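This briefing is meant for a reader who is meeting the structure for the first time. Please look over the sequence and the model before going on to the notes that follow.

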Amino acid sequence: MDITLTSLETEHSKLLKAKIVSQIASQGGWLPFSRYMEMVLYEPGMGYYSAGAHKLGAGGDFTTAPELSPLFGAAICSTLLPVLEGLKEKGFPVQILEFGAGTGKLATSILSRLNDLGFKLDRYDIIEISPDLAQRQQERIGGLVQELNLSTQCHWLSELPKEFKGVILANEVVDAIPCDAIIYQNGFWYQYGVGFENDKLLWKAGSPVAQDLLPESLLSRNFSEGYVTELHAPANAWMRQVAQQLDTGLFLTFDYGFPESEYYHPQRLEGTLMAHHRHHAIQDPFYLPGLCDLTTHVEWSQIARSALAENADDVYLTNQAAYLLDAGIGDIALEIGNPSDPETFLPISNSLQKLLSEAEMGELFKAFAFSKNLGALLPEHFLEDLPGLRGRNRL
């Protein structure tokens with residue numbers, strides 16, 4: 001791929017590569033892929049998310065649903081509002097916490113929509129590991145709070161509060177949690193990590209994987225020689241921590257991925273790891289370390305089991321199109337735009353197409369949610385009537 005880099009970008013990537021190579025050498029010539037991915041994304045001052053190197057939107061490396069349209073956040077409010085109202089009636093704090101808030105567009109879409117609906121939110125807190133994104137969020141959200149004269153308090157936190165009561169959101173967060181890669185060779189699964197030869201970072205097989213770390217799908221099927229896939233222990237541990245810390249409320253996340261049966265399908269020969277740079281999808285995870293976003297698809301079945309292991313009440317999984325349509329995104333689009341005015345409605349229509357189309361984000365992206373301790377506080381069958389979830393796709 002022919003990509004023109006500035007001298008600063010080239011030097012930045014070279015410095016991080018040198019640090020990765022040094023760590024490989026200190027580990028005897030082999031580094032777990034999860035550690036490599038952690039360094040590429042989060043190495044202080046050098047990783048993709050910690051050095052301010054990445055961008056979102058049309059001019060950046062990738063575009064998220066909130067960047068496409070405020071309709072995404074407005075539709076989410078259809079799910080959140082009944083929960084927030086129910087918690088308010090019981091005397092709980094009315095608060096939302098968002099992980100990895102990007103440029104802050106999801107937060108501002110939600111705050112604007114709740115304000116339009118006449119609902120007063122006490123707090124909107126954010127956990128953000130990227131310093132430059134946190135600054136952009138503060139500017140964008142602070143500007144909206146001032147413009148609309150909102151009483152909502154916004155805080156940037158370093159960790160999830162214990163015994164949290166409210167709503168927790170995460171949009172395209174789980175895909176960026178470091179994973180381990182594994183490879184099938186000679187009838188066994190092996191760790192597939194990173195080595196360094198001839199001035200190049202490359203794949204290198206390591207030790208066998210303990211069978212108790214392997215999902216049932218990898219033990220009960222036949223796979224071809226050299227089949228590569230991923231294991232997601234850190235993502236599942238994160239999900240367990242979130243579910244444990246959520247005392248009462250709802251968790252809702254959006255990300256691309258598959259349930260276990262599809263994720264570990266024998267025909268998915270090369271796993272799901274992918275790099276992104278300036279809206280290009282790149283197969284090589286060792287390309288321009290520090291300058292590329294590196295992601296993996298989410299394996300939703302184990303994510304669901306992780307939430308249930310921490311006493312989640314109900315878990316839901318559906319594709320993004322089904323969720324948004326059930327949440328009323330079409331009605332909201334007609335509410336804010338006039339179909340008889342092509343000049344103003346065409347951008348709305350185009351964004352709906354990208355959010356809902358099976359060829360765009362509608363099918364690959366999933367909405368995953370779980371509730372905790374809401375059944376005792378809210379009316380019977382409340383969750384089954386929640387817009388966006390409505391009792392379908394209950395896991």
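**Aromatic pairs, a cavity and a buried threonine**

The structure, which is a predicted model, holds 22 aromatic pairs. A pair of aromatic rings is described by the distance of the centres and the angle of the planes.

**A stacked pair**

- The ring centres of Tyr-42 and Tyr-49 lie 5.7 Å apart and their planes meet at 20°, so this pair is stacked, given that planes under 30 degrees apart count as such.
- Tyr-42 counts as partly exposed because its relative accessibility is 24%, whereas Tyr-49, with a relative accessible area of 12%, is buried.

**An edge-to-face pair**

- The rings of Phe-251 and Phe-368 have centres 6.5 Å apart and planes at 65°, so the pair is edge-to-face, the cut-off for that class being over 60 degrees.
- Because Phe-251 belongs to strand S9 (residues 246-258) and Phe-368 to strand S15 (residues 365-372), the pair ties together parts that are 117 residues apart in sequence.
- Phe-251 counts as buried at 0% relative accessibility, and Phe-368 is likewise buried, with a relative accessible area of 0%.

- Elsewhere among the aromatic residues, the face of Phe-258 has Arg-268 lying over it, at 4.0 Å from the ring centre.

**The cavity**

- The structure holds one cavity of 30 Å³ or more, and the space in the largest cavity comes to about 40 Å³.
- The largest cavity is lined by Val-174, Asp-175, His-232, Ala-235, Thr-296, His-297, Val-298, Glu-299 and Ile-303.
- Sorted by class, this lining consists of four nonpolar, three polar and two charged residues.

**Thr-272 and its contact**

- Thr-272 is found in the loop that runs between helix H9 (260-263) and strand S10 (274-277), and at 6% relative accessibility Thr-272 counts as buried.
- The side chains of Thr-272 and Thr-296 are joined by a polar contact of 2.9 Å, and Thr-296 is also one of the residues that line the largest cavity.

Note on methods. Residues numbered from 1 in each chain as written. Predicted model: local features only at pLDDT ≥ 70, side-chain atom pairs only at ≥ 80, totals over all residues. Heavy atoms only, no water. Phe/Tyr/Trp six-rings, centres within 6.5 Å; stacked < 30°, edge-to-face > 60°. Buried < 20%, exposed > 50% of the residue type's maximum accessible area, 1.4 Å probe, protein only. Helix = DSSP H or I, 4+ residues; strand = E, 2+ residues; numbered from the N terminus. Lys NZ or Arg CZ within 6 Å of the ring centre and 35° of its normal. 1 Å grid on protein atoms, 1.4 Å probe; cavity = no way out; pocket = protein on both sides within 12 Å on 5 of 7 lines; lining within 4 Å. Points joined across faces, edges and corners; volume = space filled by probe spheres on them. Nonpolar A, V, L, I, M, F, W, Y, C, P; charged D, E, K, R; others polar. Polar contact = N/O pair within 3.5 Å; in protein donor to acceptor, adjacent residues only side chain to side chain.
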